[in-house]
Amino acid sequence: MEVTEKSSGKVSAEITVKIGKEDYQESVDKAIRSYAQKAVIPGFRKGKAPKAMIQKMVGKSILIDEINKLVSEKLYNYIKEKNMGVLGEPLPSENQKSIDFDTQDEFEFSFDVALAPEINLTLGKDDKIDFYDITVDDDMVNRQIEALRNRFGKQEECDTVTDDNDIIKCKFTELDADGAHKEGGITVESGMISPRHIKNADEKKKFDGASKGDKIVFNPAAASDGNETELAAMLHIKKEEAKEMKSDFEAEVLSVLAFKQAEVDQQLFDNAFGKDTVKDEAGFRAKVKEMLAGQIAPESDYKFALDARKYIEDKVGEIEFADAILKRWLKFNDTEGKIESVDEEYGKMLPDLKWQLIKEQLVKAGNVTVDRKDVEEVAKKTTKLQFAQYGMTNVPDDLLQKYADDMLKDSKAARNMSERAIEEKIISYIKDNVSLVKKEIALDDFYKMFENK
């Protein structure tokens, strides 16, 4: 057996595997014996068919399978031993000699491989990359405090409607054409309606300042603007019945539920950040500002990652790839025929391929490694941000750990968190090794940089 390699370009090579009968015959004979022991052939007991018959039936297919396995093993072992940076997969060479398994004992298989180009990259303090510090202003703090007051507010029963968001508990009674209670009509003992959801301005006005004990004549069909789903829910009837419902109703106001924001006091401080973490309003505002800064920090890092990628790609310059082989590889793997244009698909693939090779260089330069703890920390940060989106800023660490553990049970999620952990360490390495040109920027101005991109 012989494995040889010859260059076919700056970033491509041809690997040839030569094998003789002595390399594969033993494994072929063993495979035929194994098949014969299991074969059930009419006229013979199991495993007793003549060897010549078995050879005639499956000998060639077994020969081809065993040779393919042997060649594949030797090819990939060679690539591994030589530490060759192969992009994609080795492909049967366009220079492959014809093979006749019926007459040949010795075989020669050639493969084209696309090699990873060499990238020379060094980073130092002479490399300057912008880093945007997003300022947390008073307006942002005020908006967040309002959000917290709403989150920890509660519904309180009162006598009069004072706000569109109030919920009015009513007894709904269907009326006849004369405005009297309709005999056998619909009655809803515990109905609810909110001015905010009434679509018709005239109907909505009827509930302005409504008080407990008031009896208001309104038209549910008009109030819901003919929405059968809303009308059915309001009157506790089927959607099919709602299609025909045009009657006026009497709404007897039983009570009014008004939403009351939480007061800016110790109870709000404790609910938002844990018991006695904050003692006064000044400390509360400072804690809110700190929380917002933590929430938007990933935005700054994301922008830096984009800018750093562009800077480094520009510094590396054009990279030569084995275009023809990689396009063949794309086409070869498109078994379902989804790729309409190989050239177009290849053009989409190149930027990510280039960045992947650069990242590999950065991983080596920064000796970047990740372990289970790193992956868990990324999963916990992801979970913490998800909770923060719903205003839950005081999540215990043991709960974050539980959610992270559950997330990482999914192999796809675990792989994604691992990749993100590597990305974070790469960005950290870049930050440590270049000069950051820090720029303060308001949040709105920061987001404007992403418009039309």
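The entries below cover the helix contact and then the pockets.

I note that the model is predicted, with local features needing pLDDT of at least 70, side-chain atom pairs counting only at pLDDT 80 or more, and totals for chains, interfaces and linings using all residues. Residues are numbered from 1 along each chain as its sequence is written, and side-chain values use heavy atoms, without hydrogens and water.

**Entry 1: the helix pair.** I looked up helix α9 (residues 281-316) and helix α14 (residues 411-433), which pack at about 70° with axes 11 Å apart. Axes are lines fitted to C-alpha atoms, for helices over the stretch in contact, and angles run from 0 to 180 degrees between N-to-C directions. Helices are DSSP runs (H or I, at least four residues), numbered from the N terminus. α9 and α14 are therefore roughly perpendicular (65 to 115 degrees). In contact (heavy atoms within 4.5 Å), Asp301, Phe304, Ala305, Ala308 and Ile312 of α9 meet Ile427, Ile430 and Lys431 of α14.

**Entry 2: the largest pocket.** I define a pocket, on a 1 Å grid over the protein atoms alone with a 1.4 Å probe, as an open set of points with protein on both sides within 12 Å along at least five of seven lines; lining residues have an atom within 4 Å of a point. The largest pocket holds about 1400 Å³ of space, the volume being the space filled by probe spheres set on the points. Among its 37 lining residues, Ala297, Pro298, Lys381, Leu385 and Glu424 are closest to the centre. α9 gives the most to this lining, 13 residues.

Notes:
Helices (H or I, at least four residues) and strands (E, at least two) are DSSP runs, numbered from the N terminus. Angles under 35 degrees count as roughly parallel, over 145 as roughly antiparallel, 65 to 115 as roughly perpendicular and the rest as oblique.
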